[in-house]
Amino acid sequence: MEKRELEACINEYGKDIYSFCRHLACHRQEAEDLYQDTFLKAVELEGKIDFEGNPKSWLLSVALRLWKNRKRKYAWRRRIADICPIIEDKDLENAASLEQEPSCEERILGMEERLAVASAVGRLPERLKAVVLLYYMEEQSTKQISEIMGIPVGTVLSRLHKARKILKRELESELYGKGI
Amino acid sequence: MGKEFRKELDELDVLLRRALAPAEGPDERLNQRILNSVDGEEKIGKRERMKAEMEKRKWRRMPAVALTAAILVGAGSLTAYGAYRYLSLKGALEEFGDKGLEEAFFNECATVINETQSYGGYDVTLMGIASGENLTEYARESDGKIRSDRTYVIVAIARSDGSPMPDFGEPGEDSAERDFFVSPLIEGLDPAAYNAVTMKGNYSEMLQDGVVYRLLECDDVEKFADHELYLSVIGGSTFYDRNAYVSDEETGKIHRNSEYNGLNALFRLPIDASKANPEEAERYLGELGSNAGAESSKGAVKIELGDDFAVEAASGNEKGAEAAEYALEFVGNPYEWNGESLTEGCDSSGFTKGVYEHFGVSLPHAAAKQKDLGQEVDGIEDACPGDLIFYDGPSHVAVYIGDNKIVHADTQLGICVSEADFAEIVMIRRILR
């Protein structure tokens, strides 16, 4: 991949991939490393990429594979701080600034909602979390997810179902409390 | 009800989609960093950059003083020469640079660890380990022998106060400040006898931004993965220091000596126990034994007892004589590291343990521990059949059978009779009366 191709890739998919990394990894630093390595790996794996096809799915699968490989590396950190700070102050600022000029009240509501959902998703077991992120965040079809994760479509569906059940319970107050 | 449930799920879907929609992009600087690391026209990946880094390294061999340690530890001087020949192989390290150890580390066969410990004014980070079968493609040829499985470990050492480490300087110059001994250790094996030196260790290091990076390679330790595996880093020394760690004689587990004055980091190596290969481990130890004479009796010779041999019972020592007779029943049975079966295989202390058990005496499975039991006997001339004779450390133990002979489990010969003075006797103990 040449530099300008890489640049195009980053412009096009950077946000999506970063968001995926950010929710997979617990810490910002881990997420940034993962994000960076995903693109570097993409450069390295040049030739195996079908950019005509679906680069986003492919980049997601690279990110997921890298993440699986390094989870162990981060495991020791978790032992020290077993609470995952999914949302940091900086995220809150960013989230706030990214809302497109909504009213103050709406902004706060939106932030609270994002926080609640992110932490509920963050608490899901790893295998369910990846499916949820790929489906809802990255808008991948169940078939694409099955290719990215290397599992049958049926398994994707059953994991999605299981994750939904857990999330519904966890997010009850979000669903009813605000009368969505 | 069913319809309502469906509706809730839809609401959940809406909520999830809205709340999880990618909102935050990466920092622009992060993107810039990625782009900068890829050169304008050439396809340069991380691997190439690593290679460039590797070339900046200074390659160093295990210094001669480590070899002295091998002699002191192993007692078999032949081994030390063997080790020296290997260590003096020129270009071996550069060669593995070429053959893409970086590749091994940055592809999937390595475990990245990044654990830091701070002791004695240093921060030591165990960065990663690569070992096992999937590294065989990186194997090298040396001494005309293909040596396939090796373990590679990378550690970074920095001063805790942040000041830079001194440059390496010239060989021979006083260098205690940047001397480190990095070695894997294995649960149940005496660290003084089984470390990077005896496991044909070799290292290279480089200094960058005041941090020393060291790449250690030695014989593959994965085969021992059914035991706890450690990585030790000792400061101010280029060989193993007996004071740095404590080996629990009961369990074989190795711990830091908290009293130790200086750097004595100890990491657990996260190698999956399923990678263990006990047969290979045993064969390897046998090989080390025959070379280094590490655990075993060096150069013990098997003696066939004549038909007329009989254990002579000294008065008051009938039980000991019985034990010696009993021990002789197992001559011809195999040696097995860590084994405790008199018939299926045992090591030296497993053998004495098994024999004594028959007489209602329970011994720990470690020569070093057995030597503290019972009464000391002054010399071989005062020894009675059934006494335990200790050698080498002690890491080896035998049952005396009289007439200057012993029966023991030898790594090479299995359970056999040898001369009592085949090696220097460090202790004789009378436990049975």
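This talk goes through some features of chains A and B in a predicted model.

First, the conventions. Residues are numbered from 1 along each chain as its sequence is written, and chains are lettered from A in the order in which they are written. Because the model is predicted, local features need pLDDT of at least 70 and side-chain atom pairs count only at pLDDT 80 or more, while totals for chains, interfaces and linings use all residues; side-chain values use heavy atoms, with hydrogens and water left out.

I start with chain B as a whole. It holds 11 helices and 20 strands; helices are DSSP runs of H or I with at least four residues, strands are runs of E with at least two, and both are numbered from the N terminus. Of the 433 residues in chain B, 54% are buried. Buried is under 20% relative accessible area, exposed is over 50%, and partly exposed is in between, with a 1.4 Å probe and protein chains only. The accessible surface of chain B is about 19800 Å², and carbon and sulfur atoms account for 47% of that. Those areas come from the Shrake-Rupley method with a 1.4 Å probe, and for residues only the protein chains shown count as cover. If we take contacts in chain B between residues at least 6 apart in sequence, 67% join residues at least 24 apart; a contact is heavy atoms within 4.5 Å.

Next, one sheet in chain B. It is open, with three strands in the order S6-S9-S12, and the pairing is antiparallel. Two strands pair if DSSP finds at least two bridges between them. Strands S6 (180-186) and S12 (264-268) of chain B are at the edges; each has a single partner strand, so one side of each lacks a neighbour in the sheet. From one strand to the next the twist averages 20°, using axes fitted as lines to C-alpha atoms and angles from 0 to 180 degrees between N-to-C directions. S9, residues 229-235 of chain B, pairs with S12(B) over five bridges. In S12(B), Asn264(B) is the bridge partner of Ile234(B).

In the loop between strand S8 (211-219) and S9 of chain B we find His227(B). His227(B) is buried, at a relative accessible area of 15%. Leaving out residues up to four places away in sequence, His227(B) touches Ile186(B), Glu187(B), Trp337(B) and Asn338(B).

Now backbone angles. Most residues other than glycine have a negative phi. Asp403(B) is not a glycine, yet has a positive phi of about 55°, and Asn404(B), also not a glycine, has one of about 60°. Asp403(B) lies in the loop between strand S17 (396-402) and strand S18 (405-410) of chain B, and Asn404(B) is in the loop between S17 and S18 as well. Asp403(B) is exposed at 53% relative accessible area; Asn404(B) is partly exposed at 41%.

In chain A, helix H6 covers residues 126-137. Its 12 residues reach 15 Å from first C-alpha to last, close to the 16 Å expected at 1.5 Å a residue, where the expected span is 1.5 Å times one less than the number of residues. Among the buried ones are Lys129(A), Tyr135(A) and Tyr136(A). Just after H6(A), Glu139(A) takes a positive phi of about 55°.

Last, cysteines. How many disulfides does a search of the whole structure find? Zero, over all chains, a disulfide being a pair of cysteine sulfur atoms within 2.5 Å. Cys9(A) is buried at 5% relative accessible area, and Cys21(A) is buried at 0%.
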